[in-house]
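Please read them alongside the structure.

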Amino acid sequence: MVAVQDTNAARREALCREKNIPQCYALAEELFEDPEVDAVYIAVPNKFHVPLAVQALEAGKHVILDKPFALSAEEAGRAVEAAKKSGKVLTLGMNQRFNESSQQFRSMVAQGVFGEVYHAKAYWLRRSGIPKLGTWFGSRELAGGGCLYDIGVHVLDLCLYVMGNFEPVSAYGSTYSKFGPRGLGEGSWGKSDHTGLPFEVEDFATGQVRFANGATVSLDVTWARHCELNDKVDVELFGTEAGGSVYGKKIYRHDQALGAHYTLENPRATVSYPHLDRFHNFINHIHGEEELCVTLEQALTVQRILDALAQSSLTGDSVKL
Ligand SMILES: NC(=O)c1ccc[n+]([C@@H]2O[C@H](COP(=O)([O-])OP(=O)(O)OC[C@H]3O[C@@H](n4cnc5c(N)ncnc54)[C@H](O)[C@@H]3O)[C@@H](O)[C@H]2O)c1
C-alpha cells in the first residue's frame with residue numbers, strides 16, 4: 001500500500017501510522033493523481049462507490065470495489081462503461097466467494113456432483129445485527145437499501161456463483177422495516193460515529209428469483225429478528241443427485257440400494273483460486289496471470305436482482321429481468 005485517503009482526518013492518519021503507509025491524502029483527487037498508485041480498493045459508504053470508481057478508472061487506475069456494486073443497476077452501468085473506456089480492470093471484492101468451502105462447492109457443482117441444481121436457499125439471518133443505528137447504513141440516500149443490499153448481496157452472489165447460474169428471468173420480493181425505526185436490533189458492526197441519521201431502509205427482505213433454466217433461488221435476509229441464533233448464514237443446494245450446505249460443508253445423499261440417507265462432511269475438491277483471496281485474484285488478473293473471479297456481467301446481474309426484489313416489494317408484482 002502506497003497511499004490512503006479518507007475524508008475523516010483522524011481515521012486516515014491512524015491507518016497510515018498503523019500500516020506504515022507513506023502517503024495520506026485528504027482528497028480522492030490527490031490519490032488518483034499519484035503516479036505511484038496503480039490500483040485502488042474502494043471501501044466507503046455505498047453512495048460513493050460508483051462516483052469514486054469512475055474517477056479512479058478515468059485517472060487510469062485499476063479498481064476493486066467493495067459491495068454492493070452501486071445504489072442501482074443503472075448507476076453500476078456507468079462504472080462498467082468507464083471500465084470499458086479506460087481499459088482498466090474493475091471488479092467487485094466479493095470475499096464470500098473466496099472461502100475455501102465456497103470454492104470447493106463451486107467446483108463440485110461444475111463437476112456434476114449435485115446433478116441438476118434446480119433450487120437453492122440463500123440466507124443470512126441476524127438476530128441483532130443492524131450495523132449501528134444513526135449512521136449512513138440506515139440512510140436510503142447514502143446506502144441505497146438496508147440488509148438486502150448490505151448482506152443479502154453476499155449470499156445472493158455466492159449462491160449464483162456456486163450454482164453457476166447468472167441468467168435470472170424474474171424476481172418477486174418483499175421488504176420490511178420492523179426493528180430499526182423503533183431503535184431496536186443494533187449490532188456492533190462498523191466504526192462510524194452516530195450522526196443521528198434516521199433509519200429508512202429494510203431490516204428484513206425475502207424473495208424468490210427464477211432463472212432461464214427453470215431453477216429458483218429463495219433469499220431471506222435479516223439485520224434483526226426474534227429468533228434463537230444471533231447469526232445464521234448459508235447457501236443450501238437442492239440437486240437431483242445430492243443436496244448441500246456450502247457453509248456447513250456438507251453433502252446429503254440417498255443410497256437407493258441401501259435405502260439410506262447419508263451425509264458427507266468436509267468434502268474436498270480442487271479449487272480455481274487456491275490463494276482464497278479477492279485481492280490476490282485482482283492483482284494476479286492485472287498481471288495477466290489469472291481469470292477474474294467476479295466479472296462485471298455477474299456483478300451487474302446481482303445488482304439487477306437486488307433492484308428487482310426491492311422494486312417488487314413496492315409494487316407487489318414480480319419483476320421481469
Ligand atoms: N466485503 C465485506 O464483507 C464488507 C464488510 C464491511 C463493509 N463493507 C463495505 O465497505 C464499505 C464501507 O463500510 P464500513 O463498514 O467500513 O463503513 P464505515 O462507516 O465504518 O467506514 C467508512 C469510511 O469511509 C470514509 N468515507 C466516507 N465518505 C467518504 C468519501 N466520500 N471519500 C472517502 N472516504 C469516505 C469514512 O470517513 C469512514 O472512514 C461499505 O460499502 C460496505 O458495504 C464490505
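Where is Pro68 found?

1. Pro68 sits in the loop between strand S4 (62–65) and H4; helices (H or I, at least four residues) and strands (E, at least two) are DSSP runs, numbered from the N terminus. The peptide bond joining Lys67 and Pro68 is cis, with omega about -10 degrees. Most residues other than glycine have a negative phi, and most peptide bonds are trans. Lys249, a residue other than glycine, has a positive phi, near 55 degrees. Lys249 is placed in the loop between strand S11 (243–245) and strand S12 (250–255).

2. On provenance: this is a predicted model, in which local features need pLDDT of at least 70, side-chain atom pairs count only at pLDDT 80 or more, and totals for chains, interfaces and linings use all residues. Residues are numbered from 1 along each chain as its sequence is written.

3. The protein chain is divided into domain 1 (3–95) and domain 2 (97–271 + 296–320), with bounds that come from an automatic or database domain assignment. The centres of the two domains, taken over C-alpha atoms, are separated by 26 Å. To the contact, domain 1 contributes 17 residues and domain 2 contributes 18 residues; two residues are in contact if their C-beta atoms, placed from the backbone, lie within 7 Å. On the side of domain 1 that touches domain 2, H4 and strand S5 (90–92) are the elements that give two or more residues. H4 gives the most, with 4 residues. By class, this side of domain 1 has 12 nonpolar, 3 polar and 2 charged residues (Ala, Val, Leu, Ile, Met, Phe, Trp, Tyr, Cys and Pro count as nonpolar, Asp, Glu, Lys and Arg as charged, and the others, Gly among them, as polar).

4. Helix H4 (residues 73–86) packs against helix H9 (residues 296–315) at an angle of about 170 degrees, and their axes are 9 Å apart. Axes are lines fitted to C-alpha atoms, for helices over the stretch in contact, and angles run from 0 to 180 degrees between N-to-C directions. That angle makes H4 roughly antiparallel to H9 (angles under 35 degrees count as roughly parallel, over 145 as roughly antiparallel, 65 to 115 as roughly perpendicular and the rest as oblique). Ala73, Ala76, Val80 and Ala83 in H4 meet Leu296, Leu300, Gln303, Arg304 and Asp307 in H9. The classes in this contact of H4 with H9 are 6 nonpolar, 1 polar and 2 charged residues.

5. H9 also packs with H7: the axes of H7 and H9 come within 10 Å and cross at roughly 125 degrees. H7 and H9 are therefore oblique to each other. From H7 the contact takes Leu148, Tyr149, Gly152, Val153, Leu156, Asp157 and Leu160, and from H9 Val302, Ile305, Leu306, Leu309 and Ala310. The contact of H7 with H9 has 10 nonpolar, 1 polar and 1 charged residues.

6. For helix H5 (residues 100–110) and helix H7 (residues 147–163), the axes come within 7 Å and cross at roughly 35 degrees. Ser102, Phe105, Arg106 and Val109 in H5 meet Leu158, Tyr161, Val162 and Met163 in H7. This contact of H5 with H7 counts 6 nonpolar, 1 polar and 1 charged residues.

7. Around the ligand there are 19 residues, and the closest are Asn8, Ala43, Val44, Asp66 and Ser192; a residue is near a molecule or strand if its C-beta atom, placed from the backbone, lies within 6 Å of it. The shell divides into 5 nonpolar, 8 polar and 6 charged residues. Domain 1 and domain 2 each supply at least three residues of the shell around the ligand.
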